[in-house]
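This report describes selected features of a predicted model.

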Amino acid sequence: MTERSGDTTRRALLAAVAGGAAAGGFLGPVRGYLSAFAPLSGGVWDAADDDPPLRIASDHGDATLRYDDEAVPRIGGDDETAIYFAAGYAHGADRLFQMDLQRRQMRGRLSAVVGEATVDSDRFHVRMDFGTAADATWDLVRDTEAGPLVEAYCDGVNRARADLPTPVEFELLDYEPGPWTPADVMLAEKQIAWTLTGSFRTLRKETLRAELGADAAEELMPNRLDHDAAILDRSGATDDWEVPDGDAIRGGVSDPDDASSRASTATGPDLGGWLTGMEPPAWAGSNSWAVGAEHTESGDPIMANDPHLSLMAPPVWYEQVLRHDDYQVRGVTFPGVPFVIIGENDRGAWGFTNAGCDVIDFYEYETRADGAEYRHGDAWRSFETERRTIEVAGAPDRDVTVKKSVHGAVLSAGAGGDEFRDELGVAWTGLSATNATNGILGINRSRDAEDVDEALREFDEPTQCFVYTGRDGSVRYRVTGRVPVRRTDGEMVPGTRVFDGSARAGEWAGYTPYGESSWEGFIPFEEMPHDDDPDYVGTANQRIVDDADYPYYLAEDYSEPFRGIRLWNRLDGIVDRGDVTPTDLRDLQRDVHDGRLEHYLPVLEDARSGLSDDARDDLDTVLDWDGEAERNARAPLLFVHFLDAYEGRFVADALGGLDGRRDASAYAPNQWVLATLGDEWFEPDRASAAADAFETARDRIESEGWETYGDYNRTAIDHPFDQSFLNYSRYPTDGSAATLFNFRVEAGAGSSWRQICPQDGTTSRCILPGGNDGNVYSDDYDNQLRRWANGEYKPMDRSMRGDPAVRFVGGDDE
Amino acid sequence: MTPGGDRRNRWIATALALVAGLGLASVHWLGLVAGGTLVALPQRTWPRGVAAGVAFGVLTLAATAASLSLTGGLDTALAMTRPLGVAVGAALVGGAVGGLVRGVVG
């Protein structure tokens, strides 16, 4: 080879390597990674600097946005639309990815960016068609007082989206968020409403009835639990509430089919499994209480609230302060929603706990024409159907048929066999247009309890226990939301079964899915459970009112009452002592007594005979325990793992009779019921099962190397991506699933916001489980987490302090 | 031209190429390759060109770290194992690939 030809060959080779490498990067699959992560130009690094411009032109008027030292936006302005434009900007700057992810989930578009793993979720959300329900809701809200404020808010979100670097998460998933729309705001309302009121319990119980028998179903899933800690009619507290006379019932109340004798049909394993996977967790609950002026040291009422929701990074809530000439409000909202949902204004404070009302029903149909038509009374109707495509990243797209009846969505899956129910109509109040947006706006603006009463008339969803205290000394308790009166042949019936939709059984008058409802057949506002002047009130998702004291069917079941019992006992004691202070209510919010201990003492005692000597020592540790779920103790570590193992043993022993295709654990009774079940549910008996469970718990604790409860009971709050740099740090904490200081380590849930609000003019206190800024680069990404884990609080003042971040200027100058 | 004058000219050209390369790398990841090429061209031999390209890549990493440090985000960035790995790989490989062009032109 000549020198020249060798040189040419080398040049050609180098050119090929250089060109190939550059082309490979540009055209190949690594292109997205390079765009996101390359030094200097990578979007992931750009996201570190998300400071907004100091001055921004706004079509909505002048406003100022400051951030305090906890990254809480403090927004002031003369005009509400200017304020909500700025609020939208702050939400878009701090939580845009979270907003988009939630929107994608509810619209069934997660798989388009996440891939195959979320196809089942998308299929469910598309078929429920929450998106159309949100559109109908915006159609209702658009021309109301809230409409222009929602539009201004969306303008603000989209302005931030255009101004600021794309958040890290979008870079990691390699997509750009679309514009935020008013319908997306409504969709966020649907999401929380579904989280708090969506339930397939009726179907599970029907399946238990069909497969294990009516008696077994009643024993495992009783509709009412035996306790006397109902919210209403508590002596000295809520016993002067006005019992409604049931005007709207007309024609009487009955269950046409005797619950103990009627036949039941099991839900098909495929359909049941799919729906169970999509069901909101049963633990979604909360605490809220208030003490009236005559019992407090200051002579003014005090309230507290801590909603129990998913703990995640960033938090489910976003904290904000809004200052208008007519009202100043501070509290938390869901990212993507303009108005403060839980918090206080300059005249009062409010909070919510889940009520547990039954606002969902299921229907089956007689069909013909290969299932294209269904009988509805004397008429045959065609199901409304629409083909939609679920986009899936990295896998084939999926076609889905959205099917609807007069009741709402029609869901189906698989074909388990003739004996199973494989298709169901679903009626849920949230499928209708709802006006909760104006309800919340009204509460934000309220000047007194009467304003709040009026605002709650518009609060169509979700059904909640609302607690309010005012500067004027007022205290309110009311169940919010629309609760249907089901009728079969003119008589009110409970929603505890799957109805014959073809016979028009269990229908709701005044309900229009995916359209505007008149709600004429629902429990009237005046007859919803309420006490307009309780001495004090305690709500922790327990039974609202005894059935004998209330004329309407309200709920299929309520949560376990461990927290409710503890709350009333502590509140009674505090009020009896008198001169209640905010510190007393703070201590109550930090109460870590686990009432399950007393409930399970007989089961634990049963275990003794089957235990080794070492295990008996541990058992004595639990039996001698005072029930305080504190991080430094060993007894709660043993106790909570015993409960887990005992439930697992029950499922293995008692639910083997279920169709083998089912996830038997989904049919396990709650922990209140589980403690009451006797030898007949265990092999060979309860004592052996309890002893085995205790040994299993000890084995697990030993294998994990845990010494105290705090070794196990640690914050485990992760980002949806579960990347270590996005997840929160782990801190030991107190409390359990059954304590007022609520933390559920396995479920990743607990007190998602804590507030203590005295009405004497002193500063309220609050805390978030994480940080207000969703930007992982921010010091405020998780700056409140350690304080939250330790039961500490920060001031909840509404002053306009902090460094000015943005001046929004009405007009054209920028 | 004297050897000293040639060296000075090469240094000046390299410095100018560095500034231009950093500018290009700030707007697009292909700037890593282009920058590597620009700093490689003034070098005497193509292996030196490749080395200059790699050095350019290292410099982009240092510049990124400095920028993150100014915004207080460096600690967080250093915890991003996978993104960081891609960044280091892109810088070194991009710079080296750009440097190879020195061998193509002579």
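In chain B of this predicted model, G31(B), L32(B), G35(B), G36(B), V39(B) and A40(B) of α2(B) are in contact with G49(B), A52(B), G53(B), F56(B) and T60(B) of α3(B). Sorted by class, the residues of this contact comprise five nonpolar, six polar and no charged. Helix α2 of chain B covers residues 30–40 and helix α3 of chain B covers residues 46–70; their axes lie 8 Å apart, at an angle of about 135°. That angle makes α2(B) oblique to α3(B), and the crossing of the two helices is right-handed.

Along the sequence, the pattern of chain B reads α-α-α-α-α. A box of roughly 50 × 25 × 20 Å, taken along the principal axes, is filled by the C-alpha atoms of chain B. Chain B has 106 residues, of which 40% count as buried. Among the contacts in chain B with a separation of 6 or more, 68% involve residues 24 or more positions apart.

**Helices of chain A**

The axes of helix α18 (residues 596–607) of chain A and helix α19 (residues 613–623) of chain A come within 11 Å and cross at roughly 155°. Angles over 145 degrees count as roughly antiparallel, and α18(A) and α19(A) are therefore roughly antiparallel to each other. Their crossing is left-handed. From α18(A), the contact draws on L597(A), L601(A), L604(A) and E605(A), and from α19(A) on L619(A), V622(A) and L623(A). The contact of α18(A) with α19(A) includes six nonpolar, no polar and one charged residues.

Helix α7 of chain A spans residues 130–141, twelve residues in number, and reaches 16 Å from its first C-alpha to its last, close to the 16 Å expected at 1.5 Å a residue. Which residues of α7(A) are buried? They are F130(A), G131(A), A133(A), A134(A), A136(A), T137(A), W138(A) and V141(A). The buried residues of α7(A) pack against the helices α4 (80–107), α6 (119–128), α8 (146–163), α10 (182–197) and α14 (436–445) of chain A, and against β19 (423–428) of chain A.

Helix α8 of chain A is also the place of Y153(A). With a relative accessibility of 0%, Y153(A) counts as buried. Leaving aside residues up to four places away in sequence, Y153(A) touches Y84(A), F85(A), A87(A), G88(A), H91(A), M99(A), W180(A), V185(A), P335(A), G336(A), V337(A) and P338(A). The C-alpha atoms of Y153(A) and T181(A) are separated by 9.2 Å, although the two residues are 28 residues apart along the chain.

**A buried strand residue**

T267(A) belongs to strand β4 (residues 266–267) of chain A. Is T267(A) buried or exposed? Its relative accessible area is 2%, so T267(A) is buried. Not counting residues up to four places away in sequence, T267(A) touches L203(A), T207(A), G272(A), F420(A), R421(A) and R662(A).

**Backbone features in loops of chain A**

| Feature | Residues | Angle |
|---|---|---|
| cis peptide bond | A313(A) and P314(A) | omega about -10° |
| cis peptide bond | E683(A) to P684(A) | omega near -5° |
| positive phi | A71(A) | phi near 65° |
| positive phi | N541(A) | phi near 70° |

The loop between β6 (302–310) and β7 (318–323) of chain A holds P314(A). P684(A) is located in the loop between α21 (671–674) and α22 (686–704) of chain A.

A71(A) lies in the loop between β2 (63–67) and β3 (73–77) of chain A, and its positive phi occurs in a residue other than glycine. A71(A) has a relative accessible area of 6% and is buried. N541(A) is likewise a residue other than glycine with a positive phi, and is placed in the loop between β27 (536–539) and α16 (562–577) of chain A. The relative accessibility of N541(A) is 4%, and N541(A) therefore counts as buried.

Note on methods
Residues numbered from 1 in each chain as written. Chains lettered and ligands numbered in written order. Predicted model: local features only at pLDDT ≥ 70, side-chain atom pairs only at ≥ 80, totals over all residues. Heavy atoms only, no water. Axes fitted to C-alpha atoms, helices over the stretch in contact; angles between N-to-C directions. Helix = DSSP H or I, 4+ residues; strand = E, 2+ residues; numbered from the N terminus. Parallel < 35°, antiparallel > 145°, perpendicular 65-115°, else oblique. Left-handed = near helix turned anticlockwise from the far one by under 90°. Contact = heavy atoms within 4.5 Å. Nonpolar A, V, L, I, M, F, W, Y, C, P; charged D, E, K, R; others polar. Expected span 1.5 Å × (residues − 1). Buried < 20%, exposed > 50% of the residue type's maximum accessible area, 1.4 Å probe, protein only.
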